[in-house]
2 protein chains.
Amino acid sequence: MWLIDGTPALLTDFYELTMAQVYFKRRMERPAFFEVTVRRLPEHWGYFVMAGLGEIESYLKAFRFDDNDVAYLQSTGIFEKEFLDYLRRFTPDVQIRALPEGTVFFPHEPILEAGGPIIDAQLLESYVLNILGFSIIEATLAARTVIASQGVPVLDFGLRRCHGPVSSIRSARGGQIAGFKGTSNVFAARALDLPPSGTMAHSYVQAHESEQQAFLHFARQFRENAVLLVDTYDTLEGVQVAAAVAKQMIEERGIKIKGIRIDSGDLVALSRFAREYFQKEGLDFMKIFVSGDLDEYRIDDLLAQGAQIDGIGIGTRYGAARHAPAIEIVYKLVQYDSKGLLKTSPDKHTRPGRKSVTRSKSNLYEIDTVSPFDPEADDLLNPFTSAEPMATIQQRLRTELAALPQSVKAIRNPEIYPVEFSRHQ
Amino acid sequence: MWLIDGTPALLTDFYELTMAQVYFKRRMERPAFFEVTVRRLPEHWGYFVMAGLGEIESYLKAFRFDDNDVAYLQSTGIFEKEFLDYLRRFTPDVQIRALPEGTVFFPHEPILEAGGPIIDAQLLESYVLNILGFSIIEATLAARTVIASQGVPVLDFGLRRCHGPVSSIRSARGGQIAGFKGTSNVFAARALDLPPSGTMAHSYVQAHESEQQAFLHFARQFRENAVLLVDTYDTLEGVQVAAAVAKQMIEERGIKIKGIRIDSGDLVALSRFAREYFQKEGLDFMKIFVSGDLDEYRIDDLLAQGAQIDGIGIGTRYGAARHAPAIEIVYKLVQYDSKGLLKTSPDKHTRPGRKSVTRSKSNLYEIDTVSPFDPEADDLLNPFTSAEPMATIQQRLRTELAALPQSVKAIRNPEIYPVEFSRHQ
């Protein structure tokens with residue numbers, strides 16, 4: 001395959017199916033409720049951002065076992081004919097309650113509840129976690145990056161270091177939720193209606209006789225959109241060559257090119273040199289983009305040190321989530337046949353029963369409370385049927401972040417936001 | 001979408017296409033050679049394992065711009081009609097030389113060379129890196145894990161923490177190359193012809209009236225395949241309940257169930273307790289599987305401390321590559337129109353020209369040499385047209401690891417394997 005096709009039903013751990021066969025044989029058909037939580041914040045994170053429901057929706061819609069799936073399961077020799085016949089007719093009858101995308105949340109809070117016959121809800125476990133885990137990581141990383149960038153536009157350049165094609169789309173969508181201005185990933189740009197972004201690689205400069213010729217060809221082709229990559233050889237010279245080409249384009253065609261990108265070296269000193277040089281040469285319109293192993297920490301440092309930056313491309317550290325490639329996201333049975341359930345394994349304690357989550361606010365968010373499920377509560381968990389428009393999700397995250405205390409939003413060493421678990425759990 | 005469909009051509013960074021338009025307009029059609037290298041080993045790694053060519057093959061075969069792709073590119077307003085018409089007819093005319101899958105390699109060695117008209121070879125950059133990067137990470141992590149496991153079978157449980165569905169298949173395939181005995185990922189098991197593996201989750205035990213009832217239902221259903229998860233409540237008790245069920249199955253049906261799985265707690269003490277208990281009870285056949293946030297370091301420690309383990313499931317730390325979620329894999333132009341090219345950016349120096357890689361061996365591998373391309377050399381880079389059978393790749397990696405010095409294979413603080421770059425580069 002180059003990409004995978006078929007139904008999503010087998011994108012699951014084998015044990016979901018072995019358990020399901022026992023439930024089927026034993027006629028265990030009572031309603032079950034599973035709850036998704038994240039156990040711990042990665043180092044330096046003060047909150048998570050909910051994301052992934054768009055993909056959950058299409059996963060649920062596509063979920064079925066086709067003839068190939070059933071034939072494969074039969075070939076394992078583990079499943080009985082009656083159960084396989086049942087799977088062939090199966091569609092998941094599951095009700096979802098979830099935090100809307102763009103909501104901030106904290107460890108141990110339920111963020112999604114799946115309720116239905118136990119087989120139906122159980123079978124979704126593995127891939128629901130797969131979808132939510134990386135979607136939440138990327139939306140949270142993107143929010144942190146946007147905060148660190150203090151209004152400077154951020155672009156997603158992560159495709160080449162993402163772990164796969166679908167992860168690259170989750171990554172671009174996380175950025176979109178948090179307000180990134182574009183993505184280099186053309187497939188994701190099309191799928192998400194984001195501006196595609198990018199200009200030239202070092203190889204482009206190398207393939208020409210000279211840097212100046214490479215820049216001129218590019219500027220003549222892309223005009224107001226041309227961004228020239230200045231660090232293939234000597235960056236200080238590259239800035240001056242770019243300036244000369246910018247002037248030539250004004251004279252030749254009356255056009256202002258867009259600017260330059262610096263992808264290596266001392267980004268503080270180089271960007272300051274470029275800004276001063278462009279000002280001195282009367283080229284104030286030239287924008288300065290930077291990239292090269294950046295993340296929220298390095299962006300925070302660059303800006304604190306006075307770097308002159310008009311746009312930031314983030315790649316590896318975002319696309320592969322270098323500091324937090326996994327979160328401890330789990331899908332736990334909390335109620336079966338109207339009985340609250342708990343497990344007592346060390347470090348893996350669960351709280352029984354269905355729950356509601358409420359959030360107290362005066363000026364800012366003050367405390368969350370997790371209580372036994374109350375249909376009358378002002379619950380952050382809402383019935384989920386279909387994904388919201390992106391603009392709604394983006395606006396929600398902006399509102400959420402504005403209401404979150406500064407100390408919780410800090411890029412480094414944030415304070416712990418209080419979450420209270422009501423007594424009778 | 002639940003999964004992505006269409007052609008793979010837009011799974012690329014936008015700049016590949018803007019550069020291509022200039023090459024097209026300027027009739028830059030001379031042969032170009034790009035080289036893939038990895039700049040640095042992650043901490044504690046002594047080598048990399050080549051992987052990903054299977055997917056490269058299907059990517060190249062599927063690569064084309066269909067009407068939707070071209071219409072989307074047109075909608076950006078950046079591309080001219082002649083270029084879009086050219087893309088509609090485009091198929092990549094590229095020759096690949098590569099290390100065969102399962103070959104070990106080291107930083108700065110060329111591992112893949114793509115040669116062809118510069119547009120053709122350039123357009124592949126982003127997604128070739130996407131494929132190779134995570135495939136290499138997982139094959140290498142898997143090799144390290146198999147070495148640490150000293151012959152104890154390893155199973156891939158990573159699906160839920162992988163960043164996406166295709167990454168989960170890359171992950172399962174990396175394990176397969178290194179000799180994992182199975183995967184929990186049913187989709188990957190089918191795609192790769194690997195045994196699907198898994199039995200029950202904690203939720204299964206919780207959904208029953210008692211642990212004993214849960215175990216009995218399972219043992220009666222799956223008989224010789226039944227593995228009982230013993231750590232939902234109290235693991236020492238769980239072991240004893242499992243033993244009682246194992247005895248009951250012998251008496252009731254003359255069947256030996258497979259064993260138990262322990263997923264939390266002190267795996268050394270608990271596995272030793274279980275082994276002694278089973279021996280005391282005459283249940284020597286009961287296998288002990290362990291899981292729970294394991295990786296090569298923890299496995300090494302567990303075995304050093306005398307844990308009694310017959311099988312190991314690795315999940316999060318493998319599927320999301322927690323210690324090395326990205327490697328610095330790059331795709332650089334080294335020759336255009338018969339001229340060797342280099343770049344001189346700080347930390348990003350490239351070596352010009354096409355290359356050959358040779359490896360000296362006496363008893364063990366001694367040194368690699370990277371030289372200017374010599375068609376007569378005993379070159380590790382071989383023309384690549386189609387993927388080899390998995391058994392060939394697995395056998396190659398076994399041979400490679402057997403020839404690699406112990407000090408280079410060490411799980412922690414390996415020695416640096418020598419790679420020599422011949423002078424005239």
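Reply: What follows is a short talk through the chains, the domains and some helix pairs.

Me: What kind of model is it, and how are things numbered?

Reply: This is a predicted model, in which local features need pLDDT of at least 70, side-chain atom pairs count only at pLDDT 80 or more, and totals for chains, interfaces and linings use all residues. Residues are numbered from 1 along each chain as its sequence is written, while chains are lettered from A and ligands numbered from 1 in the order in which they are written.

Me: OK, chains. How is chain B laid on chain A?

Reply: By a turn of 180 degrees and a shift of 0.0 Å along the axis, which gives an RMSD of 0.0 Å. The two copies are therefore related as by a two-fold rotation axis. Superposition here is by least squares on the C-alpha atoms of residues with pLDDT of at least 70 in both copies.

Me: How many residues does the contact take from each chain?

Reply: It takes 88 residues from chain B and 88 residues from chain A. Two residues are in contact if their C-beta atoms, placed from the backbone, lie within 7 Å.

Me: Which helix gives the largest share on the side of chain B?

Reply: Helix α1 (residues 14-25) of chain B, with eight residues. Helices (H or I, at least four residues) and strands (E, at least two) are DSSP runs, numbered from the N terminus.

Me: And what classes are the residues on that side of chain B?

Reply: There are 45 nonpolar, 29 polar and 14 charged residues on the side of chain B that touches chain A. Ala, Val, Leu, Ile, Met, Phe, Trp, Tyr, Cys and Pro count as nonpolar, Asp, Glu, Lys and Arg as charged, and the others, Gly among them, as polar.

Me: Which residues of α1(A) and α10(B) meet?

Reply: Thr18(A), Gln21(A), Val22(A) and Lys25(A) from α1(A) meet His217(B), Phe218(B), Gln221(B) and Phe222(B) from α10(B). By class, this contact has three nonpolar, four polar and one charged residues.

Me: New topic. How is chain A divided?

Reply: Into domain 1 (14-138 + 326-421) and domain 2 (149-319), with bounds from an automatic or database domain assignment. The C-alpha centres of these two domains of chain A lie 38 Å apart.

Me: Last one. At what angle do α10 and α11 of chain A pack?

Reply: Helix α10 (residues 211-222) and helix α11 (residues 235-253) of chain A pack at about 40 degrees, with their axes 10 Å apart. The two helices, α10(A) and α11(A), are therefore oblique to each other. Residues meeting in this pair include Phe215(A) and Leu216(A) of α10(A), and Val241(A) and Val245(A) of α11(A). The classes in this contact are seven nonpolar, two polar and one charged.

Terms used: Axes fitted to C-alpha atoms, helices over the stretch in contact; angles between N-to-C directions. Parallel < 35°, antiparallel > 145°, perpendicular 65-115°, else oblique.
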